[in-house]
Amino acid sequence: MDRLLPLIVAVPLLGAAVLVGAGRRMPRLAAETVACACAAASTALACAALARATTVVSWVGDWRPRHGVSVGIVLVGDRIGLGLAALASVLVLAVLAYSWRYFEEPPRGHSGAFPALVLLFQAGMCGFALTGDLFDAFVFFELMGVCGYALTGYHVEEARPVQGALAFGFVNSLGGYATLMGIALLYARTGELGMAAIGRQLDAAPERDALVAAAFVLVMTGLLVKAAAVPFHFWLPDAHAVAPTPVCLVLSGVMVETGVYGVARVHTAVFGGPGGIPAAGTRRVLVVLGVVSAVTGAVMCWQQRHIKRLLAFSTVGHTGLFLVGVGLLTDEGLSGTCLYVLGHAGAKAALFACTGILLARLGSVDEHELHGRGRDIRGIGLLFALGGLALAGLPPFGTGLGKAVVEEGSAWLPALFGLVSALTGGAALRVAARVFLGAGERGREEETVGGEEEPETAGGEEEPETGRRIRLAPPPMVSVAVALLAGALAVGTVPALAEATYAASSAFLDHAGYAATVLGGRAGGGQPGHAAAAHGGAWWTWTGAALGLLSAALAVVLAAAAVVGLVPSRGWSALLRRLHSGHIGDYVAWTTAGIGLLSLLTLW
């Protein structure tokens, strides 16, 4: 079974190589078929490995550790890592199916370019989720980044995609350099690159000094940039506004979540022992940044009229909630976050899928310009409204279950989670009411913010990515949206999934157990659901369901109030909007400031 792990990464790499090498002579149908087959094969391999009850460890080239010392490259297939790899593969398959005939016909000889990039992106995400080596995590991190830059600027003949890709590239490259410097510091201290080996070396000489703290800050910087946590988030809305809509499905659905996963993995495996960073310091970093990200993302989401930017800021807000859940450093917090991530991936990707249909049919993603123009596609409107309710935490969606589980961790969490869920879900419901029902008056044009030129795009300048407007949405586009929403619903209705997630979270947080499994060859993981059975599992409670209904009801009220003009959707926090200037230099400055903030929170 350990031989499956390299194949999960190798199959999409091989498929991308075939498309790059033979794509010039392949018709479009053949290229897209090869890509879908490779993505499906990798998905099946990830699911097959996930079905195992124990953690799977694979030493590439059979370079196994001797007397606890390793020099080889290791892949670790624990249930959370494999779950993330499976989620990434499923969403990549959804992207390829959605874009089957989405784009206009590519130039001759370029039919394999887009699917090859998507497969490379899948390989990067799967490798990042499975690697047990910190330097290889950086390599896969950069592979994701390079593919993300190229996919964001896929329409390279236009200025705006190039600008969005440059913002993506500069900020993520800066984060990557920070991570590489942190890895170098850890290698200088321990002489190891494997996460388990570094953690064991730090534990053997538990001297907390500036070097370990600096390494923690630098490594976490790169991961938090990928996760789009405030103040490292500025690249995300700019990239989403200009990236092809199918690409947004995977950027918001799973790529930023790999950053959150990386934060949790590096803390647990490397810095979670007596020689690392105290739990109080890690908790302070993640909770503070999580709260700031959640509130900032929700406020900015509410103010958007560009639907893709609205959904992007919603992702920033929910990333903040994920960081808070991980930052609790408890089994319940992590298991609830895992369920939240699964539900959010389905709901957010479905919302982007519906947005792509709007763009292809009506040639705009501007909430004001689309007012009432979606009346004849109310089926898509229903899907969009359901996605908004899922973001708001409506039971029994998986977002609602994850939200309910994490909220049990502290008395103040329901207020934060409820507010962010209501604002982000309410913004999506407001769009649904205006676009598909024609509710309220058409919003007036706002070209300035506080008397200055508005830095944000409005969404009316978009061109259909299908090359021409379509009368009817192709069945694959609608089917993908339906399937993704159904998946988000299934997460909150299958008790076995919640039980397995709780057991996986308990094993994931075991610092010493991870090292023993990877370096000592000890079987890991246990039976799924065993720990959950003893604890009672992570499942719906009456309080959690009531809080989910309350946040969903508040989202509906906010959306209705905004439609009739009682709650302004824009203009009440111009300063915050000005910070999102679109200037790369500003974003680099904020990233540098974020490194300082991380240092302060770590050493405080």
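Biologist: What should I know about the model before we start?
Modeller: It is predicted, so local features need pLDDT of at least 70 and side-chain atom pairs count only at pLDDT 80 or more, while totals for chains, interfaces and linings use all residues. Residues are numbered from 1 along each chain as its sequence is written, and side-chain values use heavy atoms, with hydrogens and water left out.

Biologist: How much space lies in the largest pocket?
Modeller: About 880 Å³. A pocket is an open set of points on a 1 Å grid over the protein atoms alone, with protein on both sides within 12 Å along at least five of seven lines; a cavity is a set where a 1.4 Å probe fits but cannot get out. Volume is the space filled by probe spheres set on the points, which are joined across faces, edges and corners.

Biologist: Which residues lie nearest the centre of that pocket?
Modeller: Gly83, Leu84, Leu87, Leu342 and Leu497, out of 34 lining residues. Lining means having an atom within 4 Å of a point.

Biologist: And which elements give two or more residues to the lining?
Modeller: α2 (28-50), α3 (79-98), α10 (245-271), α13 (331-362), α17 (475-491) and α18 (495-508). α3 gives the most, with nine residues. Helices here are DSSP runs (H or I, at least four residues), numbered from the N terminus.

Biologist: What is the lining like by class?
Modeller: The largest pocket has 27 nonpolar, five polar and two charged residues in its lining. Ala, Val, Leu, Ile, Met, Phe, Trp, Tyr, Cys and Pro count as nonpolar, Asp, Glu, Lys and Arg as charged, and the others, Gly among them, as polar.

Biologist: OK, cavities. How many of 30 Å³ or more?
Modeller: Three in the whole structure. The largest cavity holds about 110 Å³ of space, and among its 14 lining residues Phe128, Leu134, Ala137, Leu223 and Val266 are the closest to its centre. α5 (134-152), α8 (210-227) and α10 each supply at least two residues of that lining.

Biologist: What about the second largest cavity?
Modeller: About 50 Å³ of space lies there. α10 gives the most to its lining, with three residues; the lining includes Ala264, His267 and Thr268. By class there are six nonpolar, four polar and no charged residues.

Biologist: Switching topic: how many aromatic pairs?
Modeller: The structure holds 12. Rings of Phe, Tyr and Trp (its six-membered ring) pair if their centres lie within 6.5 Å; planes under 30 degrees apart are stacked, over 60 edge-to-face, and the rest tilted. Phe128 and Phe141 are tilted because their planes are at 45°, with ring centres 6.5 Å apart. That pair joins helix α4 (residues 113-130) to helix α5, 13 residues apart.

Biologist: Is Phe128 buried or exposed?
Modeller: Buried, at 7% relative accessibility. Buried means under 20% relative accessible area, exposed over 50% and partly exposed in between (1.4 Å probe, protein chains only). Phe141 is buried as well, at 2%.

Biologist: What lies over the face of Phe141?
Modeller: Lys226, at 4.4 Å from the ring centre. The criterion is NZ of Lys or CZ of Arg within 6 Å of the ring centre and within 35 degrees of the ring normal. Arg430 lies over the face of Trp302 at 5.0 Å.

Biologist: Which residues form an aromatic cluster?
Modeller: Tyr149, Phe168 and Trp235 form one.
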